[in-house]
Amino acid sequence: MNKRWSIRSRLLLWIGLPFTLLAILALVSSYLLLSRQINETFDDMLLNAAQRLERRIYTADGVLRINMHYFSVSTLGSRGEGKIFYRIREADGAMIAGFSGLTDPPKASHEPTFYDVDYAGNELRAVALTFPFSRGGEPVNIEVVVAESKEARHTLTKDFMVTLTGLMVVTGLLAISIALLAIHFGLAPLSAASQALRQRSPNDLHALDDAAPKEILPLIQSINHLMKRMRRSIESTQQLNADVSHQLRTPISEIRALTEISLKDTTTSPVHANLREIQRIAEHASHTVKQLLKYAKTRSELVDTSHLEKVNLVAICQDACAQTAPNIYKQGQELAFDLQQTIPNIVGDPITLRWLVTNLIENASLHAGGRTTYTGVITVALTANERQVILIVSDEGTGVDEAQISKLTERFFRHNNHSSGSGLGLAIVEQITTAHSAQLRLANRPQGGFEVSVIFPSII
């Protein structure tokens with residue numbers, strides 16, 4: 001049996017197959033039983049006809065005669081299809097009446113003998129009856145043979161079987177309908193559990209309701225146990241992130257602090273250049289650690305969507321702009337926030353959404369200029385329609401090679417190797433976008449520069 005067959009199909013097969021075999025066996029048994037009963041009934045009627053024919057024989061002037069000119073037994077026919085043949089003769093072969101060509105019984109006997117015979121192109125069932133008779137005081141043996149064609153037997157058997165087969169088919173259809181209904185209600189708890197899992201967020205690891213029939217309770221308990229283990233694994237990962245944050249950020253901060261102190265004391269020392277390089281490396285390491293931690297925390301499977309809330313994206317964008325503005329202006333760049341309409345709320349996590357906007361601004365600041373430092377405007381814009389809220393962060397820089405746009409969200413991929421950065425900015429943005437059921441679009445602007453669009457589903 002195909003392992004991919006559904007439980008419903010398997011149950012139908014194992015219910016339908018035995019039922020079909022039993023139905024076939026019942027039909028065959030019924031056919032054999034009906035054939036025997038019908039043949040016995042017709043044989044009794046045939047013997048009765050022979051005995052009645054026997055009673056019509058008499059003697060006149062020493063000659064055997066029969067007191068009818070023809071012989072017909074209508075009760076043996078079926079809708080006029082049956083044919084009757086008879087023969088009356090003395091045991092020594094002298095004919096009295098009937099059809100002389102009828103075949104003799106297989107053996108002579110004083111008991112009624114039934115046998116099959118062919119006559120005049122007809123398949124006949126015959127009975128031979130031999131009895132003693134007195135002809136003018138002289139004892140003789142009279143043999144009476146009555147034969148009937150088998151059409152009536154076959155027709156009656158066929159009618160019975162057609163009726164029985166029809167009843168079997170109707171019963172089978174009713175049984176299958178009842179079985180389908182029973183399977184539907186029997187599998188309802190399993191279907192309910194399956195639907196509950198399909199409707200869940202990929203990050204919802206709460207236990208399923210275990211108020212289920214005892215047959216599927218072990219499955220529900222196994223699923224709940226697996227979810228519990230997954231939740232513990234995620235909690236361990238989150239704890240590891242916190243530990244990494246503490247263990248790495250602290251020593252890196254100490255290195256940066258010591259480097260800055262040393263630079264003040266060694267303005268003319270030969271090691272000044274080395275200290276500057278150490279400071280740059282420490283700042284890059286600090287930024288990379290922060291980005292790695294953000295990347296780990298924003299993995300979609302670690303985000304519990306059940307804790308998302310209604311948030312004001314306008315306020316989040318304003319906070320992100322205020323947070324990044326000092327560094328943007330320090331680089332000789334400008335930051336603009338474009339808001340020309342009322343923006344509805346969205347469902348999301350305020351912290352990760354702020355990371356998203358911040359990363360998009362910082363990414364534009366670092367890479368918009370290509371080989372040179374960017375000195376143009378970075379624009380953060382919000383628009384909305386009936387169903388969507390669209391966040392667009394754009395610049396007026398050199399843009400990105402079209403062949404590389406699809407790779408921008410890969411971890412550690414940097415299309416601009418002339419600028420600092422971890423190569424995780426857009427990867428983090430993509431994960432936050434996925435966790436919020438949003439769409440991420442990257443494209444070069446027709447008028448020059450690059451833009452990133454994040455399309456959120458809005459709520460009323």
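Buried here means under 20% relative accessible area, exposed over 50%, and partly exposed in between, computed with a 1.4 Å probe on protein chains only. All views come from a predicted model, in which local features need pLDDT of at least 70 and side-chain atom pairs count only at pLDDT 80 or more, while totals for chains, interfaces and linings use all residues. Residues are numbered from 1 along each chain as its sequence is written, and side-chain values use heavy atoms, with hydrogens and water left out.

View 1. Glutamine 333 is buried, at a relative accessible area of 3%. The residue sits in the loop between α6 (313–330) and β9 (334–339); helices (H or I, at least four residues) and strands (E, at least two) are DSSP runs, numbered from the N terminus. Its side chain makes a polar contact of 2.7 Å with the side chain of serine 365. The side chain of glutamine 333 also reaches the backbone oxygen of tyrosine 374, at 2.9 Å. A polar contact is a pair of N or O atoms within 3.5 Å; within protein, one must be able to donate a hydrogen and the other to accept it, and residues adjacent in sequence count only if both atoms are side-chain atoms. Leaving aside residues up to four places away in sequence, glutamine 333 touches Ile328, Ser365, Tyr374, Thr375, Gly376 and Ile378, where contact means heavy atoms within 4.5 Å.

**View 2. Cysteine 317 and cysteine 321.** A disulfide is counted when a pair of cysteine sulfur atoms lies within 2.5 Å, and by this rule the count is zero. The closest cysteine sulfur to that of cysteine 317 belongs to cysteine 321 and is 6.5 Å away, too far for a bond. Cysteine 321 is likewise in no disulfide. Cysteine 317 is buried, with a relative accessible area of 0%, and cysteine 321 also counts as buried, at 9%.

**View 3. The five-stranded sheet.** The strands of this open sheet follow the order β4-β3-β7-β6-β5, with antiparallel pairing. At the edges are β4 (95–98) and β5 (113–119), each pairing on one side only. Two strands pair if DSSP finds at least two bridges between them. Neighbouring strands are turned by 25° against each other on average, direction ignored; axes are lines fitted to C-alpha atoms, for helices over the stretch in contact, and angles run from 0 to 180 degrees between N-to-C directions.

View 4. Seven bridges join the antiparallel strands β5 and β6, with phenylalanine 114 opposite valine 127 in β6. These two strands form a hairpin with two residues between them, and alanine 120 in the turn has a positive phi of about 50°. The covered face of β5 holds Thr113, Tyr115, Val117 and Tyr119, and the uncovered one holds Phe114, Asp116 and Asp118. Strand β6 (residues 122–135) also runs antiparallel to β7 (residues 138–149), joined by 12 bridges. Arginine 125 stands opposite glutamate 148 in β7.

**View 5. Helices α1 and α2 across the sheet.** Helix α1 (residues 7–54) lies across β3 (84–90), β5, β6 and β7, at about 35° to β6. Helix α2 (residues 151–186) lies across β6 and β7, at about 40° to β7. The 36 residues of α2 reach 51 Å from first C-alpha to last, close to the 52 Å expected at 1.5 Å a residue; the expected span is 1.5 Å times one less than the number of residues. Buried residues of α2 include Met161, Gly172, Ala179 and Ile183, and its buried residues pack against α1, β6 and β7.
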